[in-house]
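Please examine the sequence and the model displayed here before reading on. The explanation that follows them is meant to be read with both in view.

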Amino acid sequence: KVYHVIAVDRFGAEGIAEVWGTAPDLPPAPPKNVRALYQARSLFNNKYDVTLSWTPNKELDLDGYQIYSTKQGGGDPIARNKVDRKKNSVIISGEDPILEGQDLVLRQYFITAFDNTPKPDGSRDESPMVAAPLPQ
């Protein structure tokens, strides 16, 4: 990119210079207004579908979204679906609750945005995780 830098000294004289540079490699902003709709699939088993939706990110170098899940109440999130940048929702079908002691608990879902400009080590820039709300 070309940046135009204008400096003004204490006498009011202006100096203008063109500077070539690259923008810092920053992660994209996280998705906003993340929602989750949990729906039972059947009365005969515990499987469910979850629809995740969000307000799309408008950054030009956005490459897509990464969905993660973990058991409700904690644990290390596991990478699940990658979603194209043009979409603002995804349906994850046929999920099983997690057995925790005597209880079945639903998975918690998270989403990040990632861009198409890799870091110097080759990994992608990814926004902080945003948790989708659990059903009440």
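The paragraphs below treat the sheets, then selected residues, and then the aromatic rings.

The model is predicted; local features need pLDDT of at least 70, side-chain atom pairs count only at pLDDT 80 or more, and totals for chains, interfaces and linings use all residues. Residues are numbered from 1 along each chain as its sequence is written, and side-chain values use heavy atoms, with hydrogens and water left out.

Strands here are DSSP runs (E, at least two residues), as helices are (H or I, at least four), and they are numbered from the N terminus; two strands pair if DSSP finds at least two bridges between them. Strands β3 and β4 run antiparallel and are joined by 7 bridges. Across this pairing, Lys32 stands opposite Thr55 in β4.

Strand β4 also holds Ser53. With a relative accessible area of 18%, Ser53 is buried; the term buried means under 20% relative accessible area, exposed means over 50%, and partly exposed lies in between (1.4 Å probe, protein chains only). Once neighbours within four places in sequence are left aside, Ser53 is in contact with Asn33, Val34, Arg35, Asn88 and Ser89, contact being defined as heavy atoms within 4.5 Å.

A further open sheet has 4 strands in the order β6-β5-β10-β11, again with antiparallel pairing. Its edges are β6 (78–84) and β11 (130–131); each has a single partner strand, so one side of each is left without a neighbour in the sheet. Strand β5 (residues 62–71) is mostly covered, 8 of its 10 residues being buried. On one side, β5 pairs with β6 in the antiparallel sense over 5 bridges, and Tyr68 stands opposite Ala79 in β6. The antiparallel pairing of β5 with β10 extends over 9 bridges; there, Gly64 has Phe114 in β10 as its bridge partner. Strands β10 and β11 also run antiparallel, joined by 2 bridges, and the bridge partner of Phe110 is Ala131 in β11. In a regular strand the side chains alternate between the two faces of the sheet.

Thr112 counts as buried, at 1% relative accessibility. Not counting residues up to four places away in sequence, Thr112 touches several residues, among them Pro31, Gly64, Tyr68 and Glu126.

Val130 lies in strand β11. The C-alpha atoms of Val130 and Thr112 are separated by 6.5 Å, although the two residues are 18 apart along the chain. Beyond residues up to four places away in sequence, Val130 touches Pro30, Pro31, Val34, Tyr109, Phe110 and Ile111.

The aromatic residues can now be considered. The structure holds 3 aromatic pairs. Rings of Phe, Tyr and Trp (its six-membered ring) pair if their centres lie within 6.5 Å; planes under 30 degrees apart count as stacked, over 60 as edge-to-face and the rest as tilted. The rings of Tyr38 and Tyr48 form a tilted pair, because their centres are 5.8 Å apart and their planes stand at 40°. This pair links distant parts of the chain, with Tyr38 in strand β3 (residues 32–40) and Tyr48 in strand β4 (residues 48–55), 10 residues apart. Both Tyr38 and Tyr48 are buried.

Tyr38 also pairs with Tyr109: the ring centres are 6.1 Å apart and the planes at 50°, so this pair too is tilted. Tyr38 lies in strand β3 and Tyr109 in strand β10 (residues 107–115), so the pair ties together parts 71 residues apart in sequence. Tyr109 is buried, with a relative accessible area of 0%.
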